[in-house]
Amino acid sequence: MNRFLQNKIHNIMQQLLIGGLIILTVILNTGAQTLLKMGSGQNLLNFYLFGGICLYGISTIFYILVLGKFNLSVAYPLVIGLTIVATTIASSIILREKIVTSQWIGVGLLISGIWAITLNKSV
């Protein structure tokens, strides 16, 4: 294989790995938020709260790995913005919360903001 092709494959693999870390961090954060909501209003020692706290801890480890690959000014809005989008969707589907039109508009604006922040950012 020539050097150019090897570099191209390496870059693609790195981008897939980082993308996977970001998605995993977002999924864990969303799961944590959902579990904390399900455990709220109950006694302090319940499965949902414990699970939410554990997911936050695990997501923090993956977030640190993401921080190692991106500037904070990119990583934070990317992970938090995507978590807000995913949490809104999860609260609608899992918790059966009513999401009003203005919230969906906000989700759309968040997605466009995330796109603008990450535009032309490469690993």
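Ile-9 is partly exposed, with a relative accessible area of 39% (buried means under 20%, exposed over 50%, partly exposed in between, with a 1.4 Å probe and protein chains only). The model is predicted: local features need pLDDT of at least 70, side-chain atom pairs count only at pLDDT 80 or more, and totals for chains, interfaces and linings use all residues. Residues are numbered from 1 along each chain as its sequence is written, and side-chain values use heavy atoms, leaving out hydrogens and water.

Ile-9 lies in helix H1, residues 3–39. The protein has 4 helices and 0 strands (DSSP runs, H or I of at least four residues for helices and E of at least two for strands, numbered from the N terminus). The radius of gyration, taken over C-alpha atoms, is 17 Å, well over the 14 Å that the globule rule gives for 123 residues, so the protein is more spread out than a compact globule. That rule is 2.2 Å times the number of residues to the power 0.38. Along the principal axes, the C-alpha atoms fill a box of roughly 60 × 35 × 25 Å. Of the 123 residues, 28% count as buried.

The structure also holds 1 aromatic pair. The ring centres of Phe-47 and Tyr-48 are 5.7 Å apart and their planes stand at 70 degrees, so the pair is edge-to-face (centres within 6.5 Å; planes under 30 degrees apart are stacked, over 60 edge-to-face, the rest tilted). Phe-47 is exposed at 62% relative accessible area, while Tyr-48 is partly exposed at 29%.

Definitions and conventions:
Rings of Phe, Tyr and Trp (its six-membered ring) pair if their centres lie within 6.5 Å; planes under 30 degrees apart count as stacked, over 60 as edge-to-face and the rest as tilted.
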